[in-house]
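Visitor: Hello! I am new to this structure and would like to learn how to read it. Could we look at it together?

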Amino acid sequence: MRKQSNNILLLIKFLSLHYLLVLSAAQDFDFFYFVQQWPGSYCDTNQGCCYPGTGKPASDFGIHGLWPNRNDGSYPSNCDSSNPFDASKISDLMSQMKSEWPTLSCPSNDGLKFWGHEWDKHGTCSESVLDQHSYFSTALGLKTNINLLQALENAGIHPDGSEYSLTSIKDAIKEASGYTPWIQCNTDSSGNSQLYQVYLCVDSSGSSFVECPVFPHGSCGASIEFPSF
Ligand code: 5GP
Ligand code: 5GP
């Protein structure tokens, strides 16, 4: 009798451990934010910018990140220190990474630090769905599916330092992508609110844009500057 209950206890322990292991590997997010940044609005803030040997990035939106997020607005981060960024896993993507996901930070570097930061902080939280190579190739693929600058230019919105209504910017991106974006502003050195980042939502497999289940917090003015770069 005693032996039997010990065995049952052991079985319960084993099953709970197994359950916990499965839970920890399971995905802990509901969708992704795909975030692109306007270099003009990063560089004219106090962050400054300087460019590596490869020169100034194109006057175009660049990828900031692909961030797993939960429907309640919270998000996991730094999920697996045992799977650190390894540039050799994305060597075939390097030239595209440099043009589509350039770092703007100063002192300048080749982008590996920025990509490593994004993988370690965000990518590891979706590793059950996208391994390192798929994580970066998925983001690059999403960028080719929505050309933000083209969408804005088509609506007469140009990076010329003038002001545009927030509504016209959102409408132009919705027209081109089919989905409502979220716009994040920052302020230039004279305190003007300007177009900094564009968020679009992507389903949890990283395959298609979806309407955002929840938007981040923060707001822009009704009219915002689109600085040149
Ligand atoms: P900031 O405070 O500049 O908006 O964001 C700082 C960093 O926190 C971002 O670059 C990103 O790594 C993370 N972050 C901020 N807001 C969100 C969010 O709503 N979802 C996710 N997944 N990450 C976020
Ligand atoms: P996040 O805000 O995604 O958590 O972190 C961004 C980190 O990457 C910051 O430490 C920032 O200094 C660095 N970083 C390097 N290059 C860039 C860039 O081009 N844009 C932004 N937003 N951050 C960059």
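Visitor: Leaving aside its neighbours within four places in sequence, which residues is Lys143 in contact with?

Guide: Welcome! Please keep in mind that this is a predicted model. Beyond those sequence neighbours, Lys143 is in contact with Phe34, Gln36, Asp60, Phe61, Gly62, Ile63 and Glu100. Take Phe61 as an example: 82 residues separate Phe61 from Lys143 in sequence, while their C-alpha atoms are 9.3 Å apart in space.

Visitor: Where is Lys143 placed, and does it count as buried or exposed?

Guide: Lys143 belongs to helix α5. Lys143 counts as buried because its relative accessibility is 10%, and the cut-off for buried is under 20%.

Visitor: How much of the protein chain counts as buried?

Guide: The figure is 42% of the 229 residues.

Visitor: Which elements make up the protein chain?

Guide: There are seven helices and seven strands. Read from the N terminus, their order is α-β-α-β-α-α-α-α-β-α-β-β-β-β.

Visitor: How do I describe two packed helices?

Guide: The general idea is to give the angle between their axes and the distance between the axes. Here, helix α4 (residues 112–121) packs against helix α5 (residues 132–145) at an angle of about 110°, and the axes are 11 Å apart. That angle is why α4 is described as roughly perpendicular to α5. The crossing of α4 past α5 is right-handed.

Visitor: Which residues make that contact?

Guide: From α4 come Trp115, Glu118 and Trp119, and from α5 come Gln132, Tyr135 and Phe136. By type, the residues of this contact are four nonpolar, one polar and one charged.

Visitor: What does the helix itself tell me about which residues point the same way?

Guide: An α-helix has 3.6 residues a turn, so residues three or four places apart point the same way. With that in mind, look along α4, where Phe114, Trp115, Gly116, Glu118 and Trp119 are buried. The cover over the buried residues of α4 includes β1, β2 (62–69), α3 (94–100) and α5.

Visitor: Now for the strands. How many residues of strand β5 are buried?

Guide: Strand β5 (residues 193–203) is mostly covered, with nine of its 11 residues buried. To read its pairings, follow the bridges. Strand β1 (residues 31–37) runs antiparallel to β5, and seven bridges join the two; Tyr33 has Cys201 of β5 as its bridge partner. Strand β4 (residues 182–187) also pairs with β5 in the antiparallel sense, over six bridges, and there Thr187 is partnered by Ser193. Strand β6 (residues 209–210) is joined to β5 by two bridges, again antiparallel, with Phe209 as the partner of Val202.

Visitor: Which of these strands form hairpins, and what sits in the turns?

Guide: β4 and β5 form a hairpin with five residues between them, and Gly191 in the turn has a positive phi of about 90°. β5 and β6 form a hairpin with five residues between them too, and Gly206 in that turn has a positive phi of about 80°.

Visitor: Which residue other than glycine has a positive phi, near 45°?

Guide: That is Asn78. Asn78 lies in the loop between β2 and α3. Asn78 counts as exposed because its relative accessibility is 53%, and exposed means over 50%.

Definitions and conventions: Residues are numbered from 1 along each chain as its sequence is written. Chains are lettered from A and ligands numbered from 1 in the order in which they are written. This is a predicted model: local features need pLDDT of at least 70, side-chain atom pairs count only at pLDDT 80 or more; totals for chains, interfaces and linings use all residues. Side-chain values use heavy atoms; hydrogens and water are left out. Axes are lines fitted to C-alpha atoms, for helices over the stretch in contact, and angles run from 0 to 180 degrees between N-to-C directions. Helices (H or I, at least four residues) and strands (E, at least two) are DSSP runs, numbered from the N terminus. Angles under 35 degrees count as roughly parallel, over 145 as roughly antiparallel, 65 to 115 as roughly perpendicular and the rest as oblique. A crossing is left-handed if the near helix is turned anticlockwise from the far one by less than a right angle, and right-handed if clockwise. Contact means heavy atoms within 4.5 Å. Ala, Val, Leu, Ile, Met, Phe, Trp, Tyr, Cys and Pro count as nonpolar, Asp, Glu, Lys and Arg as charged, and the others, Gly among them, as polar. Buried means under 20% relative accessible area, exposed over 50%, partly exposed in between (1.4 Å probe, protein chains only). Two strands pair if DSSP finds at least two bridges between them.
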